[in-house]
Protein chains: 2
Amino acid sequence: MKPLIVVSNDDGITSPGIATLIAAVKEIGDVFVLAPDSPNSGMGHAITVDKTLHTKKSHIHEGVEAYECSGTPADCVKLAKHHYLNGRKIDLVVSGINHGHNASLSVLYSGTMAAAREASIEGIPAIGFSIDDFSYDTDFSHTIPWIQKICKAALKNGIPKHNALNVNFPKKSDETIKGIKVVRQTDGFWKEEFDARKDPHGRQYFWMGGEFINHEPESTDTDIWCIENNYVAIVPCHYDMTNYEGVKELSAWEF
Amino acid sequence: MKPLIVVSNDDGITSPGIATLIAAVKEIGDVFVLAPDSPNSGMGHAITVDKTLHTKKSHIHEGVEAYECSGTPADCVKLAKHHYLNGRKIDLVVSGINHGHNASLSVLYSGTMAAAREASIEGIPAIGFSIDDFSYDTDFSHTIPWIQKICKAALKNGIPKHNALNVNFPKKSDETIKGIKVVRQTDGFWKEEFDARKDPHGRQYFWMGGEFINHEPESTDTDIWCIENNYVAIVPCHYDMTNYEGVKELSAWEF
């Protein structure tokens, strides 16, 4: 029997990235798609708690059962698991391919990785795929064989329990991808700048912008280094936010 | 000089929880408030990337400078730091008090903790406060002295760099709170159930509901145990999602 693979994303069901991912995993398993009906970039691990969720059958991806959903990427995975596929064993959840990388702490803001993390919480092997190219017309062609290799390796070896893999691809270039590296989340941050403007009624509003600051550009065991040097980066991610060193440190505090 | 304390939340600027938090920290420092103009529960670490942000001066909290914002909790902290208080040293960011606990993996879905985490990314000491009571009319009175103790200890000792404290209070009861415990995130998950209904036009929609499953109800070093046993739980949280054991394990894979 072929493995059952659920596909979601955060750029929405019409994005070229999810079409590429579906094409890649259709050769490996039976595919079920449940993805947001509109872009959810920067949605992080949001879920819909105070509103209703709406779905519609989608026919834009040939040969696969697909639904579009009013909710967030994390909602989509929950709904696929607990409603549409209720009772069936899901072998793998894949999310993406995100237009724009989710390396370093973009993993926190990423809806793509929230979908994968949500699956990992449910105990389902999960992988989020992103590419270092924000363009709508991204060339994804170089990623397909690597996606297939990674999915096959994950199905064969099993992802560590309650982990989701954060996979980032370099932008397509003239050079062939050099290989895969298993690395860690880069230490860096987004230095925000707010562009303050006036609307036609004279009221102030803002556009958030910013620049990524890499605190360790020379570290070859980080995800940003990989995508900047034409490697595929894989970071295994857990969701225990506890800083155990911090627990020890704070235990000495007097309140 | 009094410390500069920024206050945000996810339930919105009109919620009783933020009013309590403002009252508690006004006695410790100079307070600046920037909070969502509407409820953002379950917003996780979402940020506003493709839309504009709007703010309005708010007069609902007496004696403090306050703004309401169309964005998410994480947006609010970014905007406070990089626009309104640009150049000033922020001594502490506090978020909450959330109506409903954010223990165990609710820390991932929580906008309250995203605001605190966003501050920790910026290198600002940060604390998110939540209470195990979802009611709008929550009695917060027992939390105020504990909030003040924790904030004072944090200002005195310094929170470990790039950490945010996840503080959860038990629901008000006849018994006095027993004390503070520094603990870890409980291993558990939300078992979702989707309530599928038909709208007046015959189309299906869903309400997400669920039940929290605690995988370790007997573990006294967890946040859920604390709030169920009338202790204040503090979990120091980092934002490195890398599972370092997983890096070792995956490095042996053949692709």
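Student: Which residues does S58(A) touch, if those up to four places away in sequence are not counted?

Tutor: Bearing in mind that this is a predicted model, the residues that S58(A) touches on that count are I13(A), A66(A), Y67(A) and E68(A). S58(A) itself lies in the loop between β3 (53-57) and β4 (65-69) of chain A.

Student: Is S58(A) buried or exposed, and how do you know?

Tutor: Its relative accessibility is 5%, and buried means under 20%, so S58(A) counts as buried.

Student: What makes S104(A) buried, and where is that residue found?

Tutor: S104(A) is found in the loop between β5 and α3 (106-109) of chain A. The relative accessible area of S104(A) is 0%, and because the cut-off for buried is under 20%, S104(A) is buried.

Student: Why is H162(B) called partly exposed?

Tutor: H162(B) has a relative accessibility of 23%, and partly exposed covers what falls between the buried limit of 20% and the exposed limit of 50%, so H162(B) counts as partly exposed. The place of H162(B) is in the loop between α5 (144-157) and β7 (164-169) of chain B, and here too phi is positive in a residue other than glycine, with a value near 60°.

Student: What makes α2(A) and α4(A) roughly parallel or roughly antiparallel?

Tutor: The axes of helix α2 (residues 73-84) of chain A and helix α4 (residues 111-121) of chain A come within 7 Å and cross at roughly 30°. Angles under 35 degrees count as roughly parallel, so α2(A) is roughly parallel to α4(A). The crossing in which α2(A) passes α4(A) is right-handed.

Student: Which residues meet where α2(A) contacts α4(A), and how do they divide?

Tutor: From α2(A), P73(A), A74(A), V77(A) and K78(A) meet G111(A), A114(A), A115(A), E118(A) and A119(A) of α4(A). The residues of this contact divide into six nonpolar, one polar and two charged, and the polar count rests on Gly being classed as polar.

Student: Which kind of peptide bond joins G96(B) and I97(B)?

Tutor: The bond joining G96(B) and I97(B) is cis, with omega about -10°, and I97(B) has its place in strand β5 (residues 92-99) of chain B. In chain A, the peptide bond from G96(A) to I97(A) is cis, with omega near -10°.

Terms used. Residues numbered from 1 in each chain as written. Chains lettered and ligands numbered in written order. Predicted model: local features only at pLDDT ≥ 70, side-chain atom pairs only at ≥ 80, totals over all residues. Heavy atoms only, no water. Axes fitted to C-alpha atoms, helices over the stretch in contact; angles between N-to-C directions. Helix = DSSP H or I, 4+ residues; strand = E, 2+ residues; numbered from the N terminus. Parallel < 35°, antiparallel > 145°, perpendicular 65-115°, else oblique. Left-handed = near helix turned anticlockwise from the far one by under 90°. Contact = heavy atoms within 4.5 Å. Buried < 20%, exposed > 50% of the residue type's maximum accessible area, 1.4 Å probe, protein only.
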